[in-house]
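Here is a short tour of one protein chain. Keep the sequence and the 3D view open while reading.

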Amino acid sequence: MIKIHDNVFDQKWIIELSSQLLKEGWTANNVANRNTFPYQESGTHRLLGKTFFLRQSHDNIIYDHTNMNLCQNLINAFDHIRRISDTNMQLMEITGNLQFKDMDGTFHRDGFENQKAFILMLNNEQLPKNIGGAFIHKPTNKKVPFEAGRLIEITANDLHRADAFNKPYFARMSIKWVGQI
């Protein structure tokens, strides 16, 4: 299942969020195709990532304490997403990815069949034409063009990936919310 939502958030908010995200401390902790035990520290390659919120259990929730205002802003955004998707989901995680040229993603899943993932495409500046950055949804073979502020809704266990921009120095960001149905 894939749904594309445009104009969910104000353009001003998208620009503010993008600028704020660029000031965050991104690290190469996003391991693609993890294959080691028990810490899953190795895989095919690393991307720049950041975890803002992670619900490990009912009582154990991890927040990014380095920027609680940003974390709360993203939680509030999920409340809005939950209303537009007409689903009463429990927030399980909020993570971000930051890609530059040649940092294409690989096919992966973000969760389980009883979860939904919402991926928000972001960037911080006017982009040249034909820059790439598409989102690819494997079950439908749909290639969704990059558009800042576009929200993509999928079943969390659907295979998908994102292409980086094809021109250097342009930041392609995404925020992912996963909700338990």
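## A buried alanine

At 4% relative accessibility, A77 counts as buried. Buried means under 20% relative accessible area, exposed means over 50%, and partly exposed lies in between, with a 1.4 Å probe and protein chains only. A77 sits in helix α2, residues 68-84. Helices are DSSP runs of H or I with at least four residues, strands are runs of E with at least two, and both are numbered from the N terminus. Not counting residues up to four places away in sequence, A77 touches F9, W13 and W177. Contact here means heavy atoms within 4.5 Å. D59 is 18 residues from A77 along the chain, and their C-alpha atoms are separated by 22 Å.

This is a predicted model, in which local features need pLDDT of at least 70, side-chain atom pairs count only at pLDDT 80 or more, and totals for chains, interfaces and linings use all residues. Residues are numbered from 1 along each chain as its sequence is written, and side-chain values use heavy atoms, with hydrogens and water left out.

## Pockets

Rolling a probe the size of a water molecule over the atoms shows where empty space is left. A pocket is an open set of points on a 1 Å grid over the protein atoms alone, where a 1.4 Å probe fits, with protein on both sides within 12 Å along at least five of seven lines. Lining residues have an atom within 4 Å of a point. The volume is the space filled by probe spheres set on the points, and grid points are joined across faces, edges and corners.

The largest pocket holds about 1100 Å³ of space. Its lining has 39 residues, and N30, R34, H108, D110 and K176 are the closest to its centre. Several elements give two or more residues to this lining, including β2 (27-32), β5 (90-99) and β11 (172-180). Which strand gives the most to the lining of the largest pocket? That is β3, with seven residues. By class, this lining has 12 nonpolar, 18 polar and nine charged residues. Ala, Val, Leu, Ile, Met, Phe, Trp, Tyr, Cys and Pro count as nonpolar, Asp, Glu, Lys and Arg as charged, and the others, Gly among them, as polar.

The second largest pocket holds about 340 Å³. It is lined by 14 residues, and N123, E125, L127, F146 and A148 lie nearest its centre. Seven of the lining residues are nonpolar, five polar and two charged.

## Salt bridges

The whole structure has 10 salt bridges. A salt bridge is a side-chain nitrogen of Lys or Arg within 4 Å of a carboxyl oxygen of Asp or Glu. Three of these pairs are set out here.

| Pair | N to O distance |
|---|---|
| D110 and K176 | 3.4 Å |
| E153 and K116 | 2.8 Å |
| R161 and D163 | 2.3 Å |

K176 is buried, with a relative accessible area of 15%. Leaving aside neighbours within four places in sequence, K176 is in contact with E93, I94, T95, D110, F118 and I119.

E153 lies in strand β9 (residues 151-155) and K116 in strand β6, so this pair ties together parts 37 residues apart in sequence. Both E153 and K116 are buried. D163, the partner of R161, is buried too, at 14% relative accessibility. Salt bridges with shared partners also join D6, E147 and R150 into one network.

## Backbone details

K3 is in strand β1 (residues 2-5). K3 is partly exposed, at 42% relative accessible area. The C-alpha atoms of K3 and E153 are separated by 5.0 Å, though the two are 150 residues apart along the chain.

Is the peptide bond from F37 to P38 cis or trans? It is cis, with omega near 0 degrees. P38 lies in the loop between β2 and β3.

D86 is not a glycine, yet D86 has a positive phi of about 55 degrees. D86 is in the loop between α2 and β5 and is exposed, at 72%. N130 also has a positive phi of about 55 degrees without being a glycine. N130 lies in the loop between β6 and β7 (135-137) and counts as exposed at 71% relative accessibility.
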